[in-house]
Each structure stands twice: as C-alpha cells, then as structure tokens.
Amino acid sequence: MYIGILSVRKLGNQYVQPRTFTFNNAERSVIASSNAEGGIYELPNDVDGELGDSTSDGKRGSGSSGILVAHVRSAYVNGSHTALLQNLPPANQPQLAENLQQLFERNAQIIAQNAQIMAQMHEQNAQMNQQNAQTNQQLAQINETLVQINQRLQTMEDLLPIRLYNTAASLDSPIRYPPAIPLDPPLPATKAALRDLPIAQCNTVAGILGLHFVQNATVAQRRQHISDYLGCGMSI
C-alpha cells in the first residue's frame, strides 16, 4: 500500500513520467527530475508527513539526473552536461537542526548510560576484590591451622615409641624423654620421682617440655599432665 506525502507538480508534458525521484529520509527531502523541456528538476521545500503541493512549496530548475548529496546539498546535471552542486532550500534547515539535536541528545544518553555501567562495574569489582581478600584471609587461617595440626601429628609420631616404653616401664625404671630434651635435673628420672614431684619442679619440667597447665591447677593435676604427655600410664 502506498501513502501520498507530497504532490509534485507536472514536470513538462503530463504524459512524461519523472526520470528520477530521490528521497532523503534524514532530511525529509525529495528531488525529482525529468527529460521534458530539455531536462528539468524540482526540489520541494519540506516533507512533513502531510500531503502538499510543490507548485507553491518548491524549487525548479533546468537540469537532469538530480540526486541528494550529503545532508544539505543536491547535485544535478544541466543542459551542458555539467554537474552542479547546490544547497537545499532554507526550509530544510530546521529539520536538520532538529535531527542534529536528537543525535546530540541520544549521544548524551549513551554517554550517561556508559558512565552508569562503568560505575556499576567498578562497584562490582570492588566487592569482588573485598570478597577475594576475605577468602584469602580465611585460606591463610586454614593453612595456619593445618600447619599446627601437622606439627602436632609429627610430635605425636615422634613421642609414640617413647610413650610405649614409658607405659610398660616399672616405677623404678628410667623415664625416656624426647631426643631434644637433656636428661638432667630437674627432670624426674623415674615414675616414682614423677609421682612425688613438688609443684615448683612441675612448673620447671612443664617449661622444658613445652607444656601449659590450666589456671590454678593443683600439684596432682600438674604431675598427671606431665605423666600423660610422657605416656607413663599413672593415675596420680
């Protein structure tokens, strides 16, 4: 279906059809040319969506093969076969200004949207960096805990032969200590000596073995802690 938007006045003989017809959507402009009368063209001033008549609203001249060029110019070939370039009628300039204003506004909207997107991305990156820092901190804590567990397991593995010997030893048999511990007083030499160890000596022995007593522990509790560490198998 076709909808009329402009009435183009007769170009020469009414039976001669226009040779060319060009429409510029950006400028809402048209140019028609005909071979009649040795070549003529017609340029209506404006196409505003309403049916008009180019007889009163337009421009006519001699030439053929007219086309619209760029934004505000048209080109045509005259009777001497010379290509001429001319500006569109001033009536088309407001439409150009309106189109440019729309382009500027659209460009401003795009710039604002891009700035908003960049701000959101920056905020998301900051949140991700914070989460990564927290995750790294948690991993460091886990690694530290694993190191401590491995150290305890290694200590238990090193003490296992010593504890097995001390468990089976009699009260008067010498107590075995880890290899790095010097076998000198104040360390008790036997289980019997450990059973009668005074509180001050218990504290000294605990310091040598790297043990820690609970607060306000009694002398019996301190002796029991040392006995359990060495695997003496005594209930004190």
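In this report a residue is called buried when its relative accessible area is under 20%, exposed when it is over 50%, and partly exposed in between, as found with a 1.4 Å probe and with protein chains only. By that scale Thr190 counts as buried, because its relative accessibility is 18%. The structure is a predicted model, in which local features need pLDDT of at least 70 and side-chain atom pairs count only at pLDDT 80 or more, while totals for chains, interfaces and linings use all residues. Residues are numbered from 1 along each chain as its sequence is written, and side-chain values use heavy atoms, with hydrogens and water left out.

## Confidence and overall layout

The predictor's confidence in each residue is given as pLDDT, on a scale from 0 to 100. For the protein chain the mean pLDDT is 78, and 62% of the residues reach 70 or more. Over residues 49–55 the pLDDT is below 50, although this stretch has 17 contacts in the model beyond near neighbours in sequence, a contact being heavy atoms within 4.5 Å. Where pLDDT is low, the predicted coordinates should not be read in detail.

The protein chain holds four helices and seven strands, and from the N terminus on its elements run β-β-β-β-β-β-β-α-α-α-α. These elements are DSSP runs, with helices (H or I) of at least four residues and strands (E) of at least two, numbered from the N terminus. Of the 236 residues in the protein chain, 29% are buried. Among the contacts with a separation of 6 or more, 39% join residues 24 or more positions apart. The protein chain exposes about 15800 Å², of which carbon and sulfur atoms supply 55%; such areas come from the Shrake-Rupley method with a 1.4 Å probe, and for residues only the protein chains shown count as cover.

## The nonpolar core

A nonpolar core is a set of buried Ala, Val, Leu, Ile, Met, Phe, Trp, Tyr and Cys residues joined through side-chain atoms within 4.5 Å. The largest one here has 18 residues, and those with the most contacts inside it are Tyr177, Leu194, Leu209, Ile226 and Leu230. Helices α1 (93–168), α3 (199–209) and α4 (219–230) each supply at least two residues of this core, and the largest share, four residues, comes from α3. Leaving aside residues up to four places away in sequence, Leu209 touches Tyr177, Ile181, Ile226, Tyr229 and Leu230. In soluble globular proteins, nonpolar side chains tend to be buried together.

## Selected residues

The table sets out the accessibility of some individual residues.

| Residue | Relative accessible area | Class |
|---|---|---|
| Gln224 | 19% | buried |
| Ile236 | 32% | partly exposed |
| Leu146 | 44% | partly exposed |
| Asn216 | 70% | exposed |

Thr190 is found in the loop between α1 and α2 (191–195), and, not counting residues up to four places away in sequence, Thr190 touches Leu171, Asp172, Ser173, Pro174 and Ile175.

Gln224 lies in helix α4, whereas Ile236 belongs to the segment after α4. With residues up to four places away again left out, Gln224 touches Met234, Ser235 and Ile236, while Ile236 touches Arg195, Ala220, Arg223, Gln224 and Ser227. The C-alpha atoms of Ile236 and His225, which are eleven residues apart along the chain, are separated by 9.6 Å.

Asn216 sits in the loop between α3 and α4, and its phi is near 60 degrees, a positive value in a residue other than glycine.
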